[in-house]
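Keep it plain, and group the points by topic.

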2 protein chains.
Amino acid sequence: MARTQGSHSEITGPRIRAVALELFATHGFAAVSMRQIAREVGVQAGALYNYTPDKQDLLFTLMKGHMDDLLDAYDNRARPDDIVARLKDFVAFHIAFHLERPQAVFISYMELRNLTPENFAVIEELRRGYEHRLETILSEGRASGVFDVPDTKIATLAVIAMLTGVTTWYRPKGRLSVAELQEVYWQMVRKSVSA
Amino acid sequence: MARTQGSHSEITGPRIRAVALELFATHGFAAVSMRQIAREVGVQAGALYNYTPDKQDLLFTLMKGHMDDLLDAYDNRARPDDIVARLKDFVAFHIAFHLERPQAVFISYMELRNLTPENFAVIEELRRGYEHRLETILSEGRASGVFDVPDTKIATLAVIAMLTGVTTWYRPKGRLSVAELQEVYWQMVRKSVSA
DNA sequence: CTTACATCTGAACGCACGTTCAGATACGCT
DNA sequence: AGCGTATCTGAACGTGCGTTCAGATGTAAG
């Protein structure tokens, strides 16, 4: 029945997603053809359809996987009790996680408009969930008097925008390490929301 | 049948750019065809080539125009002497300017990879010039002791990312006015760089 | 060795793409 | 009234698109 050896499905499937991730991030979803993906994988275009029903689903799978990874990774961390420490942890986590997967991050921010309305709704819901985790920290901190922000919703979006921006210019060979970046950004975030 | 009305060059040219701006912002450069633009303008596709040498130039012209507008608008403002006031002015200007042209902003951030290398270099140079204006403020403020940032380059990029993020979620009908947004963001930026 | 089937090829489908250009049109000018 | 020309049409070019599918291929299991 199910082939267990010599089968290519366990190689080709992941390879297709890896190649699609790279090409979509580099050239954009609309500018990449199924034939380009197939060529890079080393198969004919028709073979891709053993692994994805269509091009749209390929994009959606990548974005959904990225958002699931993000939420799982954050939720599986130890949550510091201290609210300031929890914000610091969020900042460090967000930077480290995003710098580790620049291509998935890029796609998830740039290709939203290429999703069907149904798929878009799914991704948006996941994104809102992530933002909600930060907003909860800011709200609790404000309630207990350690943070002072005029609007927790805006502060949430402002902090995330600021942190995510790092992916647009960070280069591994640059002059600052990830740890240094985490510290620099933490100082700015900490001050910006402090009472 | 060809020309059906009077001379249109002074109407058609701007209309092509306006339609291209809207369609590129909505669907993405690669996903919009010259025929779609032409249909929206009300001409045949061939007529577009009286106004642009090719599709690439249409994109480049929009982005170059946006960056020129941005730099001109900023440089033609009265520059407050006080360095804190100058930063506050930058924050207010950046938010107001970007919220007034969400489509051009969107294109200028999202379609960079669809520019030819030569055109990309031009836009990047203009962008660096804009960033430099903010970095100068931060540097001067740090030198005179009113600002405390560990790294002016990173602080520059962080502030711009935070401010530009507002364009991704702002809706004119929303609960906050532009003036309120400017104030909220100013408080966060001020605190984040304060000594 | 044969069979079953997962996997892949290669060709084909209809359609749309960016761009070119000869010719049609209608205005400004004399 | 008629000419010159800016402007636009409509067709065409070659190319590539996403997707489908009958048939080839090669391995695992019997």
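Chain A of this predicted model has nine helices and zero strands, where helices are DSSP runs of H or I of at least four residues and strands are runs of E of at least two, numbered from the N terminus. Its order along the sequence reads α-α-α-α-α-α-α-α-α.

Residues are numbered from 1 along each chain as its sequence is written, while chains are lettered from A and ligands numbered from 1 in the order in which they are written. Because the model is predicted, local features need pLDDT of at least 70 and side-chain atom pairs count only at pLDDT 80 or more, whereas totals for chains, interfaces and linings use all residues.

**Overall form of chain A**
- Along the principal axes, the C-alpha atoms of chain A fill a box of roughly 60 × 40 × 35 Å.
- Of the 195 residues in chain A, 29% are buried (20 or more other C-beta atoms within 10 Å of the residue's own; exposed means 12 or fewer, partly exposed in between, with C-beta atoms placed from the backbone).
- Contacts are pairs of residues whose C-beta atoms, placed from the backbone, lie within 7 Å. Among those in chain A between residues at least 6 apart in sequence, 69% join residues at least 24 apart.

**Domains of chain A**
- Chain A is divided into domain 1 (1-52) and domain 2 (54-193), with bounds from an automatic or database domain assignment.
- The centres of the two domains, taken over C-alpha atoms, are 29 Å apart.
- Ten residues from domain 1 of chain A and 13 residues from domain 2 of chain A make up the contact.
- On the domain 1 side, helix α1 (residues 9-27) of chain A gives the most, with six residues.
- That side of domain 1 has seven nonpolar, one polar and two charged residues. Nonpolar covers Ala, Val, Leu, Ile, Met, Phe, Trp, Tyr, Cys and Pro; charged covers Asp, Glu, Lys and Arg; the others, Gly among them, are polar.

**The two copies**

**Helix α6 of chain B**
- Helix α6 (residues 117-143) of chain B has 27 residues and reaches 37 Å from its first C-alpha to its last, close to the expected 39 Å (1.5 Å times one less than its number of residues).
- Its buried residues are B:Leu134, B:Ile137, B:Leu138 and B:Gly141.
- These buried residues pack against α4 (83-100), α7 (152-164) and α9 (178-193) of chain B.
- After α6(B) comes B:Gly145, with a positive phi near 85°.

How values were computed
Two residues are in contact if their C-beta atoms, placed from the backbone, lie within 7 Å.
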